[in-house]
Amino acid sequence: MFYDDNFINRVKDANDIVDIISPYVSLRKSGSNYMGQCPFHNDRSPSFSVSQSRQFFYCFGCHVGGNVFHFLEMYENMDFPEAVEYLAERGGIPLPEDTSQNVKEVQKKRNEAEEMHQIYRETATFYMENLKKPEGKPGLQYFQERGLQPVTIFEFALGYADKSGDSLYRHLKGKGYPDRVLQKSGLFYFDEKSGARDRFWNRVMFPIIDSRKHVIAFGGRVLGEGKPKYLNSPETMIFNKRKHLFAYNLARNQGKHGLILCEGYMDVISLHQAGFKQAVASLGTAFTEEQCKLITRITHNVYLCYDSDFAGTDAAMRAIPMLMENGLTVKIIHLAPCKDPDELIKKYGAEEFQKRLDQAETFYTFQVSNLERDYDLKSAEGKTEFILKVAEYCAEIEDEITRGFYRDYVCERYHVEERAFEKRIREAARRKEQEGRKREDVEIRKNQRESMQPERVDEKSREVLLNWITCYPEIYSQIREYVPLEEYGGESLRSLAGMIYEQAENGKVDVPSILMKIEDEEMRNRVSGILCGNQLVNEDKKSYEKAITDVVRRIGRERYQRELREMSQSKNGDSEKMSSIVKKMQSINLVEIHLN
């Protein structure tokens, strides 16, 4: 690690997690914790819990959790050293000087990333300045012909890479950057014969800026007939195209009520200039899960504004399921007869686009319309097959009012008799129910088989016990005899118990430091859930003691019953040891846990 545990703990202790999260999430006191709407998924009711006493967060909806560093890593897309440095500066703690080899390596990478940010910042400035020069006239003329105003060009830091093919290379070499660094930037091609050439030339340039306002990549559109039409930066140490959206830095404070998701840079820029500041675009790739997560940090609603051609429709159909699986409400903006939003705004103006936005189509009606192209609606057979498929879609809608709305929509649009269509919906719903019943029967039989096994204390009870130890470390000394580490079945739970037991031995459990040791994100989320859930809500001390005592007794009884059973089945059973276990089994019922 870049920083040692002592320094990290100082930084952690200097930054209260509630103070850090509050600017991002509106929190209110709820019992011993704070609650708010989760910034990491479409949270319609507060399910995001922040524990001030134990300094960690957990969402009961999307099941993410962690400490103050993890929150900044997730929300601000920081890496761990960046989160530490940010919080150290906030807490007034100077960064340590460390000369160990490991720290040197990490510091080297850290410096390389910072140098890369400087190169990209310098490059963006260079391209912007080119627009003001005589050789930059083609680029400026292109933007002017596309209707962009000077303030828009400045806002998006647009620029121009000239025709020379090496002007950026010469510029950065003049700034003192060596080839070994420039080779890693992705801004140049290097070969032994011709040396270095600029990756971008004779192109208007669109900088890609992350949420922390760092220029991390570029998109370039060729002027004239060159190929490819659009050229994007390759992935580098500071850029992963799956994890970013074009104009996200500008839209994040504007899209609370809904983001407009487009395909191209110019579509986004035109929308922003027209007043629709909530527009973003994916970076020349299929829409990704990581980009979807970015959107859920801002809004519950997405308006898809993809091109109206077949390619755009297919792209929308691929993006919609991913958006909906992440809890987002999706609507589709119709652009016909225009191909894209840029063309629509130029032809008909911002008022017309606002009208299209207000009339955006729901996913269901879009799905039905899109399905038309797969069937011959002019033939009886084709239309029948089409209506049967639509009935299956309608049967998937559980809310009766919503289903009735779409039933009426289909009947009116496709001239279908209402009773006949309703019958098809019921048949599709019955088939769905029968399939669900079959799955349910399989599950019931599985549960019946499991219920015939010897009764055991489930893993949840052990998780609850670990949670209580983090709240009341004094109970550790009272239970360790009855619930040793071996009593925590799975490897991951036993590992967690080991960390908690080790700290409880010293009389205090530091949850954030435990979470810090868990590198696997899925495991960290699970542990956060364990340590946040199943808390006692009754403030009566006796009730706490009774509940903890009950769990310890049940785990202890199961342990001694198992040991007794194993010994009785052994040919070399020791009667004296069996007698000792019986006594322990009897004594476990007398155990009483007391809180200070």
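The legends below describe close-up views of a predicted model.

**View 1. The largest pocket and the residues around its centre.**
In this predicted model, the largest pocket holds about 1300 Å³ of space. Its lining is made up of 42 residues, and those closest to the centre of the pocket are Glu73, Asn77, Met78, Asp79 and Lys243. Several helices take part, with helix 3 (68-75), helix 4 (80-90), helix 5 (101-130), helix 12 (289-296) and helix 24 (521-532) each supplying at least two residues of this lining. Sorted by class, the lining of the largest pocket comprises 17 nonpolar, 16 charged and 9 polar residues.

**View 2. The second largest pocket.**
The lining of the second largest pocket is divided into 8 nonpolar, 8 polar and 5 charged residues.

**View 3. The largest cavity.**
The model has 2 cavities of 30 Å³ or more, and the largest cavity, shown here, has a volume of about 70 Å³. Its lining consists of Asn77, Ile209, Asp210, Ser211, Lys243, His244, Leu245, Tyr248 and Leu294. Of these lining residues, 4 are nonpolar, 3 are polar and 2 are charged. Asn77 and Lys243, which belong to the lining of the largest cavity, are also among the residues closest to the centre of the largest pocket.

**View 4. The second largest cavity.**
With a volume of about 40 Å³, the second largest cavity is lined by Glu155, Phe156, Pro207, Ile209, Phe246, Ala247, Asn249 and Leu250. Strand 9 (203-209) and helix 10 (248-251) each contribute at least two residues to this lining. By class, the lining of the second largest cavity has 6 nonpolar residues, together with 1 polar and 1 charged. Ile209 lines the second largest cavity and is also part of the lining of the largest cavity.

**View 5. The hairpin of strands 7 and 8.**
Strand 7 (residues 188-191) and strand 8 (residues 195-198) are paired in the antiparallel sense, with 4 bridges between them. The two strands, strand 7 and strand 8, form a hairpin in which 3 residues lie between them. Within this pairing, Phe190 has Ala196 of strand 8 as its bridge partner.

Strand 15 (residues 329-332) runs antiparallel to strand 16, and the pair is joined over 2 bridges. Across this pairing, Lys331 stands opposite Thr362 in strand 16.

Cys62 is in no disulfide, and the nearest cysteine sulfur, which belongs to Cys59, is 3.7 Å away, whereas a disulfide is assigned only to a pair of cysteine sulfur atoms within 2.5 Å. Cys62 counts as partly exposed because its relative accessibility is 24%, a value to be read against a range in which buried means under 20% and exposed over 50%. Cys471 is likewise classed as partly exposed, because its relative accessibility is 28%.

Definitions and conventions
Residues are numbered from 1 along each chain as its sequence is written. This is a predicted model: local features need pLDDT of at least 70, side-chain atom pairs count only at pLDDT 80 or more; totals for chains, interfaces and linings use all residues. Side-chain values use heavy atoms; hydrogens and water are left out. On a 1 Å grid over the protein atoms alone, a cavity is a set of points where a 1.4 Å probe fits but cannot get out, and a pocket is an open set with protein on both sides within 12 Å along at least five of seven lines; lining residues have an atom within 4 Å of a point. Grid points are joined across faces, edges and corners, and a volume is the space filled by probe spheres set on the points. Ala, Val, Leu, Ile, Met, Phe, Trp, Tyr, Cys and Pro count as nonpolar, Asp, Glu, Lys and Arg as charged, and the others, Gly among them, as polar. Two strands pair if DSSP finds at least two bridges between them. Buried means under 20% relative accessible area, exposed over 50%, partly exposed in between (1.4 Å probe, protein chains only).
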